[in-house]
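I opened my notebook for a friendly walk through one chain. Here is what I looked up, entry by entry.

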Amino acid sequence: PLSSYWRVAVGPGGGAADMTPVPGAENHFVDHPQVRPGLEATDARFVYLTLSSPTGHSSPPQGWMRLDQRTGRVQSWYAGDGCFVEEAALAPREGASPTADDDACYLVGVVYRPGAAAGKARRELVVLDSAAMEPVAAFAMDSSLPWGVHTNYFRGAPSAQP
């Protein structure tokens, strides 16, 4: 079955929920919706999702999608054949206000690249320009993260020390 993105609206007085597919996302296999921090539970213009196979088949997430909920415009980026992505986080660019619009942010996430030969698998931290949905940087990771780690961004958070 298609795992698409739906809008659910519930009035303050209760009653039946209004459920409708979000235009632009109704024919995509998506999961893990994210909006810019601080816009959760609002009518945020942009939502970022993990995106499955570009062939129309259900698969593990292989890319990320930016959906304009006002126009239905979809922008997507795929990690490549046989590669898989984790849930991404939106991070404001250096010097941008925490309430900056989405075009002043980066989409940051982990990509698993299995490699052609045994022992060649690697993980990369990939940074996309959130407005263009194009990579601006990728960093090889010396250690592997377990699959399924959910992602958050916190400005000024202390780094974890092994």
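In which loop is Pro114 found? I found Pro114 in the loop between β9 (105-113) and β10. Strands here are DSSP runs (E, at least two residues), helices are runs of H or I of at least four, and both are numbered from the N terminus.

Before going on, I noted that this is a predicted model, where local features need pLDDT of at least 70 and side-chain atom pairs count only at pLDDT 80 or more, while totals for chains, interfaces and linings use all residues. Residues are numbered from 1 along each chain as its sequence is written, and side-chain values use heavy atoms, with hydrogens and water left out.

**Pro114, continued.** I read Pro114 as partly exposed because its relative accessibility is 28% (buried is under 20% relative accessible area, exposed over 50%, partly exposed in between, with a 1.4 Å probe and protein chains only). I also checked Asp81: Pro114 lies 33 residues from Asp81 in sequence, and their C-alpha atoms are 9.8 Å apart.

**Whole chain.** I counted 11 strands and 0 helices. Of the 162 residues, 35% count as buried. I then looked at contacts (heavy atoms within 4.5 Å): among those between residues at least 6 apart in sequence, 45% join residues at least 24 apart. The accessible surface comes to about 9500 Å², with 55% of it belonging to carbon and sulfur atoms (Shrake-Rupley method, 1.4 Å probe; for residues, only the protein chains shown count as cover).

**Ser130.** I located Ser130 in the loop between β10 (122-129) and β11 (134-140). Ser130 is buried because its relative accessible area is 0%. Its side chain reaches the backbone oxygen of Asp102 at 2.4 Å. Leaving aside neighbours within four places in sequence, I listed the contacts of Ser130, among them Tyr48, Arg66, Leu90, Asp102 and Cys105.

**Cysteines.** How many disulfides does the count come to? I got 0 disulfides, taking a disulfide as a pair of cysteine sulfur atoms within 2.5 Å. I looked up burial too: Cys105 counts as buried because its relative accessibility is 1%, and Cys83 counts as buried at 8%.

**Surface patch.** I noted a nonpolar surface patch of about 420 Å², made by Trp6, Val8, Val10 and Met19. For such a patch, residues need over 30% relative accessible area and no salt bridge, and nonpolar side chains (Val, Leu, Ile, Met, Phe, Trp, Tyr) are joined within 5 Å. A salt bridge is a side-chain nitrogen of Lys or Arg within 4 Å of a carboxyl oxygen of Asp or Glu. Trp6 sits in strand β1 (residues 6-9) and is partly exposed, at 42% relative accessibility.

Conventions: Polar contact = N/O pair within 3.5 Å; in protein donor to acceptor, adjacent residues only side chain to side chain. Patch = residues over 30% accessible without salt bridge, like charges linked within 9 Å, V, L, I, M, F, W, Y side chains within 5 Å.
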